[in-house]
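Let's take a walk through a protein model together.

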Amino acid sequence: LEALAVALLSREVPIKLLDVGNNSLSPAAAEPLARLLHGKADKVTDFNIYMNEIGDKGMRVLAPAFKECKALKHLDLGGNDAGPDGAAALAAALLSHASLTLLELGYNPLGPAGVATIAGDSQFAHVDQHGMLCMHVVCLALCAIHASLTLLKSGVQAIKLCRSHCT
């Protein structure tokens, strides 16, 4: 991953989509990815690191890079074993992120503290017995728009939350 980051940073061609999903990446992989995002922050619109294992440590490393990526529209962090600490770092980085329209956090054990950080005290959300955020509406997109605009105080228009086993 380090070699890939160096090679991509040396290119003058802008990178709009960076997808490193399903690669068994550990928290250590967050450092070269963060350097790459910092270097291409003005152009990256889509970043997908779904189904890896970056955890809270990796999320804390990546969060400042997300804050710099002002063109970022879609951020997929699903399935990365991120808990409350990772959610806190992410929330702080994305609080005033105007361009972000989709945030994917499914399959992360955010727990009540992480959910409170990301979604606030929403009447539309709860945490199930597995620590997954569940949305209590028929139209998930409408609820996500409400939660993100009202509670995140940013431009997020949708939050994708897979495995919503609501009761």
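Is E2 buried, partly exposed or exposed? E2 has a relative accessible area of 40%, so E2 is partly exposed. In these terms, buried means under 20% relative accessible area, exposed means over 50%, and partly exposed is in between, with a 1.4 Å probe and protein chains only.

Before going on, some ground rules. This is a predicted model, where local features need pLDDT of at least 70, side-chain atom pairs count only at pLDDT 80 or more, and totals for chains, interfaces and linings use all residues. Residues are numbered from 1 along each chain as its sequence is written, and side-chain values use heavy atoms, with hydrogens and water left out.

Now for the big picture. The protein has six helices and seven strands. Helices (H or I, at least four residues) and strands (E, at least two) are DSSP runs, numbered from the N terminus. The protein has 167 residues, and 49% of them count as buried.

E2 forms a salt bridge with R35, and the closest N and O atoms are 2.4 Å apart. A salt bridge here is a side-chain nitrogen of Lys or Arg within 4 Å of a carboxyl oxygen of Asp or Glu, and by this rule the count comes to one. The pair ties together distant parts of the chain: E2 sits in helix α1 (residues 2-10) and R35 in helix α2, 33 residues apart. R35 is partly exposed too, with a relative accessible area of 39%.

The axes of α1 and α2 come within 9 Å and cross at roughly 10°, which makes α1 roughly parallel to α2. Axes are lines fitted to C-alpha atoms, for helices over the stretch in contact, and angles run from 0 to 180 degrees between N-to-C directions. Angles under 35 degrees count as roughly parallel, over 145 as roughly antiparallel, 65 to 115 as roughly perpendicular and the rest as oblique. On the α1 side the contact is made by E2, A5, L8 and L9, and on the α2 side by P32, R35, L36 and G39.

Next, find helix α2 (residues 30-39) and helix α3 (residues 55-68), which pack at an angle of about 5° with their axes 9 Å apart. So α2 and α3 are roughly parallel to each other. From α2, the contact uses A30, E31, L33, A34, L37 and H38, while α3 brings G58, V61, L62, P64, A65, F66 and E68. Sorted by class, these residues are nine nonpolar, two polar and two charged. Ala, Val, Leu, Ile, Met, Phe, Trp, Tyr, Cys and Pro count as nonpolar, Asp, Glu, Lys and Arg as charged, and the others, Gly among them, as polar.

Then comes helix α4 (residues 84-94): its axis and that of α3 come within 8 Å and cross at roughly 5°. That makes α3 and α4 roughly parallel to each other. Here D56, M59, R60, A63, F66 and K67 in α3 meet P84, D85, G86, A89, L90, A93 and L94 in α4. This contact has eight nonpolar, one polar and four charged residues.

Let's look at some loops. K40 is in the loop between α2 and β2 (46-48), and K40 is buried at 8% relative accessible area. Leaving out residues up to four places away in sequence, K40 touches L8, L9, R11, V13 and I15. T45 is in the loop between α2 and β2 and counts as buried, at 16% relative accessibility.

One last pair to spot. Most residues other than glycine have a negative phi. N22, not a glycine, has a positive phi of about 55°, and D81 has a positive phi near 60°. N22 lies in the loop between β1 (17-19) and α2, while D81 lies in the loop between β3 (74-76) and α4. N22 counts as exposed at 51% relative accessibility, and D81 counts as exposed at 52%.

Key:
Contact means heavy atoms within 4.5 Å.
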